[in-house]
Amino acid sequence: MRLTKFTDVALRVLMRLAVVENEDPPTTREVAATMQVPYTHTAKVVARLQHLGLIEARRGRGGGLALTGAGRSASIGGLVRELEGPGDVVECEGSTPCPLRSACRLRGALRLAEEAFYASLDPLTVAELVTSPTGPLLIGISSSRPAD
């Protein structure tokens, strides 16, 4: 299974915010630059994460992005399920339906494999993703960014 770029960026944004809680809240533009992701894509991700209650975004002076308690304790498996949305690993019923779909065992096997993938991520939280060595690396990346 391959995650969409949207889910990848969302997880990286959450990880970045998890390590800056004791600093001035970064802006969407700063997070995008630090994570080397286009600003417009990051802004869409931030809007979705805010809608899910995982981050807070404040405008104006003293504003920025902050991880909520729900964001810090969010299950990675649950997040990936939510962000990826429903769908099969393979498209059996698309515009050109697979001729094997009525008697195929592969679809069920892939569904089980997908659920095993999510289940392996379920116990992991955003807070756990930023323990050492990841957290210190994220902090180092942000402090080594040149000022704009």
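## Hairpin and crossed helices

Strand 1 (residues 55–58) and strand 2 (residues 64–67) pair in the antiparallel sense over four bridges. Pairing requires at least two DSSP bridges between two strands. This is a predicted model, where local features need pLDDT of at least 70 and side-chain atom pairs count only at pLDDT 80 or more, while totals for chains, interfaces and linings use all residues. Residues are numbered from 1 along each chain as its sequence is written, and side-chain values use heavy atoms, leaving out hydrogens and water.

R58 has G64 in strand 2 as its bridge partner. Five residues lie between the strands of this hairpin, and G60 takes a positive phi near 80°.

Now the helices. Helices are DSSP runs (H or I, at least four residues) and strands are E runs of at least two, numbered from the N terminus. The axes of helix 1 and helix 2 come within 10 Å. They cross at roughly 105°, so the two helices are roughly perpendicular (65 to 115 degrees). Axes are lines fitted to C-alpha atoms over the stretch in contact, with angles from 0 to 180 degrees between N-to-C directions.

Which residues of the two helices meet?

| Helix | Residues in contact |
|---|---|
| Helix 1 (residues 5–18) | R12, V13, R16, L17 |
| Helix 2 (residues 28–35) | V31, T34, M35 |

These contact residues divide into four nonpolar, one polar and two charged.

Helix 1 is mostly covered, with eleven of its 14 residues buried (under 20% relative accessible area, 1.4 Å probe, protein chains only). Among them are V13, R16 and L17.

Technical notes
Angles under 35 degrees count as roughly parallel, over 145 as roughly antiparallel, 65 to 115 as roughly perpendicular and the rest as oblique. Contact means heavy atoms within 4.5 Å. Ala, Val, Leu, Ile, Met, Phe, Trp, Tyr, Cys and Pro count as nonpolar, Asp, Glu, Lys and Arg as charged, and the others, Gly among them, as polar. Buried means under 20% relative accessible area, exposed over 50%, partly exposed in between (1.4 Å probe, protein chains only).
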